[in-house]
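This report covers helix packing and the surroundings of selected residues. The sequence and structure come below, followed by the notes.

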Amino acid sequence: MLDSWPCCRIPTATKRSGYGLVQAIANWLLARPYNAILALAVTLLLPAPQITSGAIMALLVLAKGNRPAVTGALIATAILAVATLIVGGTLPAVLVLVAGTWVPALLLTNLLVATRSLTLSLQVSVIVAIVAMFVFQVVVPDPAAFWQPYLDAMAKVVNDNGLELDTSMLTADIMTISAVLVYWMLFTVAMMTGYWFYRQLPYETSNFGRFRELNFGRVIAFTMALASLLAFVIGAAWLQNIAFILFAMFMMQGLAIMHWLRGEAYLPGFALISVYILLPFLQVLLVMLLALVGYLDAWFDFRRRFAKT
């Protein structure tokens, strides 16, 4: 089956050269099936594998299709399983990591291919994330009890490093909201990174739109406003959580605007780079600022107004 690894799509036109390093990495991953299998297995062991390994899965789906991507993932899983058994690790933990990393990346990338629109696929992903949170609230009768083992594990890791973690601030609502936002961001970034690598290939590739054009639209913006209003009127905490998550997700549109400003030469390159550098240190502040910019853009379409000036 590995010998039948399909070649890259035959170019119908010559593309401009992409980013040299990114293009070289993408070409290496697609050159031989063993390269992709090795990369999938190794990156799954790195921090934030949802981004690194998920991006490789997205690239494979876009460039090769589902069958080669799934085949490579299964072989990489077998390799990791054997290695885990040899070193005395926990096999179920590896399988959970595999399923929680590659399956969402596979599904989200297939959504991108099906919709043929980066914007539409991300809009659908927002709806899926909100539905998932709603289902969690319904299925889990006691969220506090559900999150307690995770809080205990976090506290142990922090204490082992000579620090202290005040878990009193980490309520069940905060843990649920954080989980939804973090995983949504990880998997959407993975899919977009894989798509970016795919677009840098030297041959003709499918164009599903650019990140700088992302717009979640007025429907999602109105839904966020309506959820906020209803949460205030009837005092429903779950509606308030939905409203907050929807608002925070607009930070992705805020980032898209930063990229658009850079592409149109309204913003210097160092300013965009600074946003990414500061993001890990000023998480709450920057996320809220970017979300505010993105939310306002959904209503007023700043990029169209800038383009007319």
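## Helices H3 and H4

The angles used here run from 0 to 180 degrees and are taken between N-to-C directions, with axes fitted to C-alpha atoms over the stretch in contact. The model is predicted. Helix H3 (residues 49-64) packs against helix H4 (residues 66-87) at an angle of about 145°, and their axes are 7 Å apart.

On the H3 side the contact is made by Met57, Leu60, Val61 and Lys64, and on the H4 side by Asn66, Pro68, Ala69 and Ala73. Sorted by class, the contact of H3 with H4 has six nonpolar residues, one polar and one charged.

## Helices H5 and H8

Helix H5 (residues 91-115) and helix H8 (residues 172-199) have axes that come within 9 Å and cross at roughly 60°. H5 is therefore oblique to H8. The crossing of the two helices, H5 and H8, is right-handed.

H5 contributes Gly100, Thr101, Pro104, Ala105, Leu108, Thr109 and Leu112 to this contact, while H8 contributes Phe187, Thr188, Met191 and Tyr195. The contact of H5 with H8 has seven nonpolar and four polar residues, and no charged ones.

## Thr109

Thr109 lies in helix H5. Thr109 counts as buried because its relative accessibility is 0%, the cut-off for buried being under 20%. Leaving aside residues up to four places away in sequence, Thr109 touches Ala58, Val61, Leu62 and Met191. Of these, Val61 also belongs to the H3 side of the contact with H4, and Met191 to the H8 side of the contact with H5.

## Helix H10

Helix H10 (residues 237-249) has 13 residues. From first C-alpha to last, H10 reaches 18 Å, close to the 18 Å expected at 1.5 Å a residue.

The buried residues in H10 are Leu239, Asn241, Ile242, Ala243, Ile245, Leu246, Phe247, Ala248 and Met249. What covers these buried residues of H10 includes helix H6 (118-139), H8, helix H9 (217-234), helix H11 (251-263) and helix H13 (283-300).

## Arg212

Arg212 is found in the loop between H8 and H9. With a relative accessible area of 16%, Arg212 is buried. Apart from residues up to four places away in sequence, Arg212 touches Ala256, His259, Trp260, Gly263, Glu264 and Arg303.

Arg212 and Asn35 are 177 residues apart along the chain, and their C-alpha atoms are separated by 31 Å.

Conventions:
Residues are numbered from 1 along each chain as its sequence is written. This is a predicted model: local features need pLDDT of at least 70, side-chain atom pairs count only at pLDDT 80 or more; totals for chains, interfaces and linings use all residues. Side-chain values use heavy atoms; hydrogens and water are left out. Helices (H or I, at least four residues) and strands (E, at least two) are DSSP runs, numbered from the N terminus. Angles under 35 degrees count as roughly parallel, over 145 as roughly antiparallel, 65 to 115 as roughly perpendicular and the rest as oblique. A crossing is left-handed if the near helix is turned anticlockwise from the far one by less than a right angle, and right-handed if clockwise. Contact means heavy atoms within 4.5 Å. Ala, Val, Leu, Ile, Met, Phe, Trp, Tyr, Cys and Pro count as nonpolar, Asp, Glu, Lys and Arg as charged, and the others, Gly among them, as polar. The expected span of a helix is 1.5 Å times one less than its number of residues. Buried means under 20% relative accessible area, exposed over 50%, partly exposed in between (1.4 Å probe, protein chains only).
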